[in-house]
Amino acid sequence: MLDPFFLGSVRYAFGVLLFVAILWIAEGRQALRYGGRFLPAMVFGLVGFCGFNILVWWGLAYTRPEHASIIMALQTPMTAVAVWLTRGLRPAPFTVGCMAAAIAGVLLVVTKGSLAQVFEGGSLVGDLLVFLGAVSWVTYTMAGHHFSGWSPLRMTVLTCIPGTIGLIAINAFTIGMDYSALPTLAQVWSVKWQLVYFVVFTVVLGVLGFNNGVKYLGALNAMLMLNLIPIIVFSIEAWLGRSFAAIEIGGAAIVVGALAANNLYMRGISRSS
């Protein structure tokens with residue numbers, strides 16, 4: 001009913017209003033000031049909220065949700081690589097092995113054991129868009145040190161504002177280029193409850209919960225929790241009657257198992273140090 005450009009702009013347009021109200025009530029009007037950090041807030045807001053939403057939802061138009069969920073699970077090894085590149089913390093050989101296993105598991109799910117499978121139904125394009133969206137969110141997750149002294153709520157709100165403006169601008173551009181069109185009021189009303197869910201749960205509660213998790217768990221451990229996504233998606237798809245090949249289930253198990261093993265390994269190192 002709604003294309004990804006309109007969906008992204010409308011749900012964050014309403015979501016950011018709720019964000020601002022929550023921040024104002026919780027921390028006062030002064031918390032809405034950027035205090036000289038508008039540029040990094042704009043950059044990370046555009047990359048995180050705008051880039052992630054546009055690329056993932058656009059990609060879902062060309063690929064299957066279970067493909068997207070598995071690719072999103074790769075954000076954990078992506079985060080490990082990002083920490084290595086930005087902070088010089090090279091991952092241990094065991095972590096590198098887990099990352100390789102996770103990538104192999106993704107390939108099994110996406111290709112079903114045949115590289116020709118990846119080209120069927122335009123899924124390669126969709127999978128690539130979702131992957132770029134995942135990279136965008138990893139980049140946003142690594143932004144915390146740029147906003148030291150800010151609460152997770154304040155960081156969320158002040159980065160979400162420019163991200164939302166970016167989403168609206170892209171939507172306007174695609175309409176102007178006749179790539180997309182504004183839905184009718186009847187179309188929007190027909191999915192009103194889905195939009196309420198998107199605004200309240202996936203935008204406000206979801207993003208706030210995630211950013212708080214990053215603060216208390218660290219980026220890598222917070223990303224590990226996203227490995228529940230493929231399990232939930234596969235369960236929902238199975239409940240809806242979809243059947244999966246054994247190689248798809250095996251690939252999903254490899255991804256989750258490899259990433260969980262790496263997390264346990266890292267926690268063991270942390271306790272012994």
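Buried, in what follows, means under 20% relative accessible area. What you have on the screen is a predicted model.

I'll start with the fold. There are twelve helices in the chain and zero strands. In sequence order the pattern therefore reads α-α-α-α-α-α-α-α-α-α-α-α. The radius of gyration is 19 Å, close to the 19 Å from the globule rule for 273 residues, so the chain is as compact as a globular protein of that length. Along the principal axes, its C-alpha atoms fill a box of roughly 50 × 50 × 30 Å.

Next, contacts and surface. Take the contacts between residues at least 6 apart in sequence: 85% of them join residues at least 24 apart. Of the 273 residues, 47% are buried. The chain exposes about 13700 Å², and 73% of that comes from carbon and sulfur atoms.

On charges, there are 14 positive and 8 negative ones, and their mean positions lie 18 Å apart.

Now the helix I mentioned, α6, residues 123–141. Its 19 residues should span 27 Å at 1.5 Å a residue, and the end C-alpha atoms are 27 Å apart, so the two figures agree. Which residues of α6 are buried? They are Ser123, Gly126, Asp127, Leu129, Val130, Gly133, Ala134, Ser136, Trp137, Val138, Tyr140 and Thr141. When you read that list against the structure, remember that an α-helix has 3.6 residues a turn, so residues three or four places apart point the same way. Among the buried ones, Asp127 carries a negative charge in the count I used.

Terms used: Residues are numbered from 1 along each chain as its sequence is written. This is a predicted model: local features need pLDDT of at least 70, side-chain atom pairs count only at pLDDT 80 or more; totals for chains, interfaces and linings use all residues. Side-chain values use heavy atoms; hydrogens and water are left out. Helices (H or I, at least four residues) and strands (E, at least two) are DSSP runs, numbered from the N terminus. The radius of gyration is taken over C-alpha atoms; the globule rule is 2.2 Å times the number of residues to the power 0.38. Buried means under 20% relative accessible area, exposed over 50%, partly exposed in between (1.4 Å probe, protein chains only). Contact means heavy atoms within 4.5 Å. Accessible areas come from the Shrake-Rupley method with a 1.4 Å probe; for residues, only the protein chains shown count as cover. The place of a charge is taken as NZ of Lys, CZ of Arg, CG of Asp or CD of Glu. The expected span of a helix is 1.5 Å times one less than its number of residues.
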